[in-house]
Each structure stands twice: as C-alpha cells, then as structure tokens.
Amino acid sequence: MTLNLCVLTPNRIVWDSEVKEIILSTNSGQTGVLPNHAPIATTVGIGILIIRLNDQWLTMALMGDFVRIGNNEIIVLVNDAKKGSDIDPQEAQQTLEVAKSNLRKVEGKRQIIEANLALR
C-alpha cells in the first residue's frame, strides 16, 4: 500500500508521486506517516521532509506552512521546497556563512528576525 504525496509551492509542483512513507518536520516535532494514517491538518516547520520510495530514502528541504493528511493522500503546501539532490553542498555552506555573518551585523528587532529567517 502506498501514499500519494504532493508538495506544492506558490510557483510549482515539486513532487506528485506515490511513496511508501514520509517523516515530516512539524511545529510540534517530527511526524511519521504510513498508509492509513489518521486524518490531520497541521503546520509544517522549516526543515527536512524524508521520503521513502521502496528501499530508497530521499530528502527535501521545506520552508514551512501546512500539511493535510487523509485517505492515503498527503498535500504539503509550502513557501518553497528543494529536493536534496538539487542542493549543492558548497553553495549551501557559502549561503550559511553569509547568513551567519549578516546575523552578527544586524541591529534592531526587525533586522534580527529577518537575519534569523535567512539563517534557516
């Protein structure tokens, strides 16, 4: 038995395919979802979505929002998402260093909030 997983951003469909299982970062912690999971709707945190396809595990970075689970269908609505295979580790490390540097330089509450979001 499988689940249909659909990951949507405002600009594109990132994933729309059957999966065996997912592990999702929600604002209350990680949630594992298998076929016949109880229906829920909850918020998704900024974090990693782990997807199992048969014996293969894949990852996807999510910039949180919402998820609805029911009838073996998972719909994830997020601001942005990127498959782990599409992430360049060197570019990600450079972006992290820039975000950390910017965080050290900020002044004022708004700038601190914006810098912390960029760091995530």
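Which residue's side chain does Arg68 meet in a salt bridge? Select Arg68 and Glu73: their side chains form that bridge, with N and O 3.3 Å apart. A salt bridge here is a side-chain nitrogen of Lys or Arg within 4 Å of a carboxyl oxygen of Asp or Glu.

The model on screen is predicted, so local features need pLDDT of at least 70 and side-chain atom pairs count only at pLDDT 80 or more, while totals for chains, interfaces and linings use all residues. Residues are numbered from 1 along each chain as its sequence is written, and side-chain values use heavy atoms, with hydrogens and water left out.

**Stop 1: Arg68 and Glu73**

Stay on this pair and show the surface. Arg68 is partly exposed, at a relative accessible area of 41%, and Glu73 is partly exposed too, at 30%. Partly exposed lies between buried (under 20% relative accessible area) and exposed (over 50%), computed with a 1.4 Å probe on protein chains only.

The structure holds three salt bridges, and the next two stops show the others.

**Stop 2: Arg52 and Glu21**

Select Arg52 and Glu21, whose closest N and O atoms are 3.0 Å apart in a salt bridge. Arg52 lies in strand S6 (residues 47-53) and Glu21 in strand S3 (residues 21-26), so the pair ties together parts that are 31 residues apart in sequence. Strands are DSSP runs (E, at least two residues), numbered from the N terminus.

**Stop 3: Arg12 and Asp80**

Now select Arg12 and Asp80, whose side chains meet in a salt bridge of 4.0 Å, N to O. Arg12 sits in the loop between strand S1 (3-8) and strand S2 (13-19), and Asp80 in strand S8 (residues 73-83), so this pair ties together parts that are 68 residues apart in sequence. Arg12 is partly exposed at 42% relative accessible area, and Asp80 is partly exposed at 40%.

**Stop 4: strand S1 and its partners**

Switch to the cartoon view and select S1 with S2. A hairpin joins S1 to S2 through four residues. The two strands run antiparallel, joined by six bridges; strands count as paired if DSSP finds at least two bridges between them.

S1 and S8 run parallel, with five bridges between them. Pick Leu5 to find its bridge partner in S8, Ile74.
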